[in-house]
Amino acid sequence: VGDVRDVMGRWLERGDQVTALFECALRGCLLMDRHVAEESIYELMRALDSQGRAAGNRVLEHFDTCLTDVAEGEYEDAFQALSMLRDHWVEALDALRRDCRRADRLH
């Protein structure tokens, strides 16, 4: 049980780090700061690299589109896409936290 809690704790900590990267990318878009937006998106891609799984590849394609939008100065489009991805990410983390709390109550 302790090992599972440790693993889940690491996942949640990593999840919070990814959330912070989303926030940096969004801030870069809001400020129209290409460097901050691009570097944050690249870090997100590295953090979420799915090692070839189909669902992960679709997410990486969204990031590629965001990078293209930023390079073309379409910060609003990139912001909207990143905001949607961040919201889904936060929902998934919240669900994981709820599951962890439920599991703790069972033990």
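Me: Among contacts in the protein between residues at least 6 apart in sequence, what share joins residues at least 24 apart?
Reply: This is a predicted model, in which local features need pLDDT of at least 70, side-chain atom pairs count only at pLDDT 80 or more, and totals for chains, interfaces and linings use all residues. Residues are numbered from 1 along each chain as its sequence is written, and side-chain values use heavy atoms, with hydrogens and water left out. A contact means heavy atoms within 4.5 Å. Among the contacts between residues at least 6 apart in sequence, the share that joins residues at least 24 apart is 63%.

Me: Which pattern does the protein follow when read along the sequence?
Reply: Helices (H or I, at least four residues) and strands (E, at least two) are DSSP runs, numbered from the N terminus. The protein has four helices and zero strands. Read along the sequence, its pattern is α-α-α-α.

Me: What percentage of the 107 residues in the protein is buried?
Reply: A residue is buried under 20% relative accessible area, exposed over 50%, and partly exposed in between, with a 1.4 Å probe and protein chains only. The C-alpha atoms fill a box of roughly 55 × 30 × 20 Å along the principal axes. Of the 107 residues, the buried ones make up 31%.

Me: How far apart are the centres of the positive and negative side chains?
Reply: Lys and Arg count as positive and Asp and Glu as negative, while His and the chain ends are not counted. Each charge is placed at NZ of Lys, CZ of Arg, CG of Asp or CD of Glu. The protein has 14 positive and 22 negative side chains, and the distance between the centres of the two sets is 9 Å.

Me: Why is the pair formed by the rings of F22 and F63 given its class, and what is that class?
Reply: Rings of Phe, Tyr and Trp (its six-membered ring) pair if their centres lie within 6.5 Å; planes under 30 degrees apart count as stacked, over 60 as edge-to-face and the rest as tilted. The structure holds one aromatic pair. Because the centres of the F22 and F63 rings are 6.0 Å apart and their planes stand at 40 degrees, the class is tilted.

Me: Which helices hold F22 and F63, the pair that links distant parts of the chain?
Reply: Both F22 and F63 are buried. The two residues are 41 residues apart. F22 belongs to helix α1 (residues 2-30), and F63 to helix α3 (residues 54-71).

Me: Which residues of the largest nonpolar core touch the most other members?
Reply: A nonpolar core is a set of buried Ala, Val, Leu, Ile, Met, Phe, Trp, Tyr and Cys residues joined through side-chain atoms within 4.5 Å. Of the 20 residues in the largest one, those that touch the most other members are F22, C29, I41, L44, F63, V70 and L82.

Me: Which helices each supply at least two residues of this core?
Reply: One of the core residues that touch the most other members is L82. Leaving aside neighbours within four places in sequence, L82 is in contact with F22, A25, L26, C29, I41, L44, F63 and C66. The helices that each supply at least two core residues are α1, α2 (34-47), α3 and α4 (75-106).

Me: What is the relative accessible area of F63, and is the residue buried or exposed?
Reply: F63 is placed in helix α3. Apart from neighbours within four places in sequence, F63 is in contact with F22, I41, L44, M45, L48, L82 and L85. The relative accessible area of F63 is 0%, and the residue is therefore buried.

Me: Which residues is C29 in contact with, leaving aside its neighbours within four places in sequence?
Reply: C29 is found in helix α1. At 3% relative accessibility, C29 counts as buried. Beyond those neighbours, its contacts are A37, V70, Y75, A78, F79 and L82.

Me: What value does phi of M32 come near?
Reply: Most residues other than glycine have a negative phi. M32 lies in the loop between α1 and α2 and counts as exposed, at 59% relative accessibility. Its phi is positive, in a residue other than glycine, and is near 55 degrees.
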